[in-house]
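Here are a few friendly notes on the aromatic side chains, for you to read with the model open.

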Amino acid sequence: MKLAVWTYEGPPHVGAMRVATGMRDLHMVLHAPQGDTYADLLFTMIERRDHRPPVSYTTFQARDLGADTAGLFMQSARDAYARFKPQALLVAASCTAELIQDDPGGLAETMGLPVPVIALELPSYQRKENFGCDEAFLQICRALAKPMDRTARVTCNILGATGLGFRHRDDVQEITALLSEMGIEVNVSAPMGASPMDITRMGQAHFNVLLYPETAESAARWCEKELGQPFTKTIPIGAKATRAFINEVRALSGSTLPVDETRLRQPWWAASVDSTYLTGKRVFLFGDGTHVMAAAKVARDEMGFEVCGMGCYNREQARPLRALAKEFGLEALITDDYLEVEKAIEDAAPEMILGTQMERHIGKRLGIPCAVISAPVHVQDFPARYSPQMGFEGANVLFDTWVHPLVMGLEEHLLTMFREDFEFHDAAGPSHHGGKAQPLPQSAAAAPAAAAEGGSMPPPAALPSLENVVWLSCAEKELKKIPFFVRGKARRNTEKFAEMKGLHEISVDTLYEAKAHYAR
């Protein structure tokens, strides 16, 4: 049912597909029924790839369950090798195929294929997509990477980027350029962009740069133990974290070359006159643990926001996220139920959300602006332009992305000044969404109870949820002075207060009495 409505992560075989799709000259054979091929659309439609994933499906049907589904898998594996001639073959079962227990890994080992066959054990009913990425890349490294002599010059591997990753393509490009400035060459960037032959060369590097712990931390730890390669712990998201990352790389590599920061504009822009209006804005963060933890530090330490809530959906990163939330004086929300997330956001009443595609939908429902900082994302978050999240250019992108959904100081002042103008009143609609300026709604006939004060019933579209409560026109006008992002909550609280007190009219005094009541 979750998949039919919304899910933050798919089953683990989707994670394995992300690894396979990001790599070259690798093919995956997935033991799966008809219908599980929907995953192709994630890459071709959402990520806008110009080729389908390198995955062959056995696509067994209901009538095959009484016959030899194992034979069907073996034939699919032979056909895949004969057609694509990969350097290595991944084999796995989808969540449905796991139930029939055909053991694709054991079957593939008996086939005598002339390339390495890497079997994946993916517990579909206990783990999810990010685990699938992490496990698939770990098994590829264990099967192919071996200890080797180091390169003459200091080099590193970049680990973690996959297909369908949030800005992974641009992050790798940005960090590769940053390392180049420091005189460090990239030996292998994996899994995205690497072939199985490249994986065999990973042991030549002096150290590893881990960009995405949720998809490659197990592989990084295995390389540290088996190949003697330390790995970076700092995620270079934000200006301060990028500088800390540079210092960490210098400690691992011995590099002393300077890094050019002239293109970094985010710190000054965040401190500029109009941007100081953002100081103290309350934000709620939700997504994968890596991006939420990094974004929380940027929000507080670089943008001057107040973090009023944070959480993640991947339980593998729950412990470090809880520790960070405790530093912020918060309790972390660890859940993969978007309804729980929506309730937490509604209760926190933030002025902005930093989250996933789902939080964007939640923000639309609650009338709260949202910027996307983490997968899962939709097609608009795979831009054609260069738009990293990491490094110094990533810090600039973060500033632009986070500031744009908010109403800046001068803009809000002007909107307030011209609130009764035909073009800018609340019912006019945003022009950049194709909205057309509408005339101000005419007041309805005065209600008997309000007529004495010169008030009127609100128009039908603005009727309160409680039928026995009437907003006087003076109270409606005062309500509009409350910022749009908390106006709905103020209306609901005032109506609850009026009902609790047995009032049938809401005046300006009632509005402020309700405010005082709920502020206790």
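This is a predicted model: local features need pLDDT of at least 70, side-chain atom pairs count only at pLDDT 80 or more; totals for chains, interfaces and linings use all residues.

1. Have a look at Tyr8 and Tyr313. Their ring centres are 5.1 Å apart and their planes are at 10°, so the pair is stacked, the cut-off for that being planes under 30 degrees apart. Tyr8 is in the loop between α1 (2-5) and α2 (12-22), and Tyr313 is in the loop between β9 (306-312) and α13 (318-327), so the pair ties together parts that are 305 residues apart in sequence.

2. Are these two tyrosines buried or exposed? Tyr8 is buried, with a relative accessible area of 3%, and Tyr313 is buried too, at 5%. Tyr8 and Tyr313 also belong to one aromatic cluster with Phe286.

3. Next, turn to Trp269 and Phe399. This aromatic pair is edge-to-face, with 6.0 Å from centre to centre and 85° between the planes. Trp269 lies in helix α11 (residues 266-271) and Phe399 in helix α16 (residues 391-403), so parts that are 130 residues apart in sequence are tied together by the pair. Trp269 counts as partly exposed, at 41% relative accessibility, whereas Phe399 is buried, with a relative accessible area of 6%.

4. Finally, the charges over rings. The charged end of Lys85 sits over the ring of Tyr81, 5.6 Å from the ring centre. Over the ring of Trp471 sits the charged end of Arg491, 4.9 Å from the centre of that ring.

Key: Residues are numbered from 1 along each chain as its sequence is written. Side-chain values use heavy atoms; hydrogens and water are left out. Rings of Phe, Tyr and Trp (its six-membered ring) pair if their centres lie within 6.5 Å; planes under 30 degrees apart count as stacked, over 60 as edge-to-face and the rest as tilted. Helices (H or I, at least four residues) and strands (E, at least two) are DSSP runs, numbered from the N terminus. Buried means under 20% relative accessible area, exposed over 50%, partly exposed in between (1.4 Å probe, protein chains only). A charge sits over a ring if NZ of Lys or CZ of Arg is within 6 Å of the ring centre and within 35 degrees of the ring normal.
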